[in-house]
Amino acid sequence: MTFMTFIRSLLFSIYFFTLTLFMGLFAFYIRYFAKKHALAYAQLWTELSIKGLTKICKIEIDIKGKEFLPNDSSFIIASQHQSAFDTLIWMNLLPRPAYIMKKELIHLPLVGPMLLLSGMIPLDRQGGARALKKLVMNCKNAIKDQRQIIIFPEGTRSQYGKKVKLQAGVAAIASQLDLKIVPVSTNSGLHWGRHSFIKKPGTIYINLHPVITDLSNRKKVLFAIEKSWDNNIM
């Protein structure tokens, strides 16, 4: 780590938290007087956050495989999860994204209520079969709203290059709701680590892989996602 990398990381942290505080306070207006603009407002926040990251921390973003995105109004993005970056980027790569997120996030000051209002989908990770049933129902409602669902099958942030057993939820949602799955691999953890203050300059690659349409067997679906991730091209 160089001194300039530390300074850039510090400046980005100041920028990010100032932006989040300012937009979080103004979100009170959105919550009470302009609810229909909640998603667009959230997308503005993520867009400004990503721009700050690229400009301040000298990080470039290289997206490959956009041709694999289905023409359907709704589908599933099954992405590797190594960084907070992964929870931001899809807000501006898709027209109407809906992240599946841990339910604890809805209790965050300022941000939490906007997550629900903008259509994000909370998941009780300790809730077992009942939680999965509720998750499928919420995803079904999201489809009616023509949303694209982003899920991190690893269940939590992992280190770049480390394999983690995938959670079966993505296969259950896809099969019950007949949704195509687009596997996505990334190296975001190399530049914005899962618990790291430091943002390392370089290129974050986001690689979309061919769509998974055979949803007949959950184990095969999970294997197909892992196989796609293994064919990562950085």
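Biologist: Which strand do the 3 bridges join to strand 2, and how do the two run?
Modeller: Strand 2 (residues 76-79) is joined by 3 bridges to strand 5 (residues 148-151), and the two run parallel. Strands here are DSSP E runs of at least two residues, helices are H or I runs of at least four, both numbered from the N terminus; strands pair if DSSP finds at least two bridges between them.

Biologist: Wait, what kind of model is this?
Modeller: This is a predicted model, where local features need pLDDT of at least 70 and side-chain atom pairs count only at pLDDT 80 or more, while totals for chains, interfaces and linings use all residues. Residues are numbered from 1 along each chain as its sequence is written, and side-chain values use heavy atoms, leaving out hydrogens and water.

Biologist: Back to the strands, what stands opposite Ile 77?
Modeller: Ile 150 in strand 5 does.

Biologist: And what order do the 7 strands take in the sheet?
Modeller: They go 1-7-6-2-5-3-4, in an open sheet with mixed pairing. Strand 1 (59-64) and strand 4 (121-123) are at the edges with a single partner strand each, so one side of each has no neighbour in the sheet. From one strand to the next, the twist averages 25 degrees.

Biologist: Which strands does helix 2 touch?
Modeller: Helix 2 (residues 38-57) packs on the sheet and touches strand 1 and strand 3 (97-102); touching, or contact, means heavy atoms within 4.5 Å. Helix 7 (residues 218-230) lies across strand 2 and strand 6 (181-186), at about 35 degrees to strand 6. Angles run from 0 to 180 degrees between N-to-C directions, with axes fitted to C-alpha atoms, for helices over the stretch in contact.

Biologist: How do helix 1 and helix 2 pack?
Modeller: Helix 1 (residues 3-33) packs with helix 2 at an angle of about 165 degrees, the axes being 10 Å apart. They are therefore roughly antiparallel (over 145 degrees; under 35 is roughly parallel, 65 to 115 roughly perpendicular, the rest oblique).

Biologist: Who meets whom there?
Modeller: Residues in helix 1, including Phe 12, Tyr 15 and Phe 16, meet residues in helix 2, among them Tyr 41, Leu 44 and Trp 45. By class, that contact has 17 nonpolar, 4 polar and 1 charged residues (Ala, Val, Leu, Ile, Met, Phe, Trp, Tyr, Cys and Pro count as nonpolar, Asp, Glu, Lys and Arg as charged, the others, Gly among them, as polar).

Biologist: New topic: at what angle do helix 5 and helix 6 cross?
Modeller: Helix 5 (residues 128-144) and helix 6 (residues 169-177) cross at roughly 50 degrees, with axes that come within 10 Å. That makes helix 5 oblique to helix 6.
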